[in-house]
Amino acid sequence: SSTEEVDQVFQVRHRVFVGDGYMDPEPDGRVVDRFDAYPGTVNFAVFWNERVVGAIRFTEHDESVGVAADEFFDFSEYLPKDAHHGSLSMLCLEKEFRGQKRIFVGMIGMGTYWAKSRGVTCLRAATNPEIEKQLLRIGYESVAPPFFHEDLKLSVVPMLLSMDDLSDAFVDFVH
């Protein structure tokens with residue numbers, strides 16, 4: 001990916017998260033954090049007419065820095081001891097594309113394929129309750145009830161995916 005494409009990912013995050021009221025505007029019109037800089041991180045972008053309209057980030061877990069989901073919820077008691085785990089985060093899609101199921105499934109599928117190719121056996125996510133049902137269909141499980149994170153002012157559902165629990169249709173996509 002080019003520098004311009006990566007910059008467009010940060011800009012679409014800003015448009016979606018600020019536009020939906022989840023974050024306050026940033027002066028530079030971008031949403032980026034430390035996890036974007038780590039070598040075990042990948043962003044997948046959705047393009048429409050050469051413009052990024054959606055993105056999702058997957059991060060391979062590193063004990064020294066954790067993953068973005070850890071900032072929302074303590075997953076430690078739910079993680080299998082022998083798992084090589086990672087995280088899904090920063091899922092965003094502009095409103096006019098949200099009704100297109102294939103885009104959502106494709107974004108999750110590409111990231112899950114990437115994670116599986118890296119040997120990840122368990123993915124965690126601190127997700128928006130609005131996408132909980134879609135993630136349950138894929139094979140994720142909710143590990144705790146939805147809650148409101150006071151510091152970040154966001155509603156969160158902590159979820160885990162064991163790669164062994166992927167739905168059959170999704171397994172076909174990932175393989």
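**View 1. Strand β3 in the lining of the largest pocket.** With six residues, β3 gives the most to this lining. The model is predicted: local features need pLDDT of at least 70 and side-chain atom pairs count only at pLDDT 80 or more, while totals for chains, interfaces and linings use all residues. Residues are numbered from 1 along each chain as its sequence is written, and side-chain values use heavy atoms, without hydrogens and water. Strands (E, at least two residues) and helices (H or I, at least four) are DSSP runs numbered from the N terminus.

**View 2. The largest pocket.** Its space is about 1200 Å³, a volume being the space filled by probe spheres set on grid points joined across faces, edges and corners. Among the 45 lining residues, F17, M90, L91, N128 and I131 are the closest to the centre of the largest pocket. A pocket is an open set of points on a 1 Å grid over the protein atoms alone where a 1.4 Å probe fits, with protein on both sides within 12 Å along at least five of seven lines; lining residues have an atom within 4 Å of a point.

**View 3. The second largest pocket.** This pocket has a volume of about 180 Å³. Its lining includes S1, E5, D36 and F47. The elements giving two or more residues to this lining are α1 and β1 (41-48), and β1 gives the most, with five.
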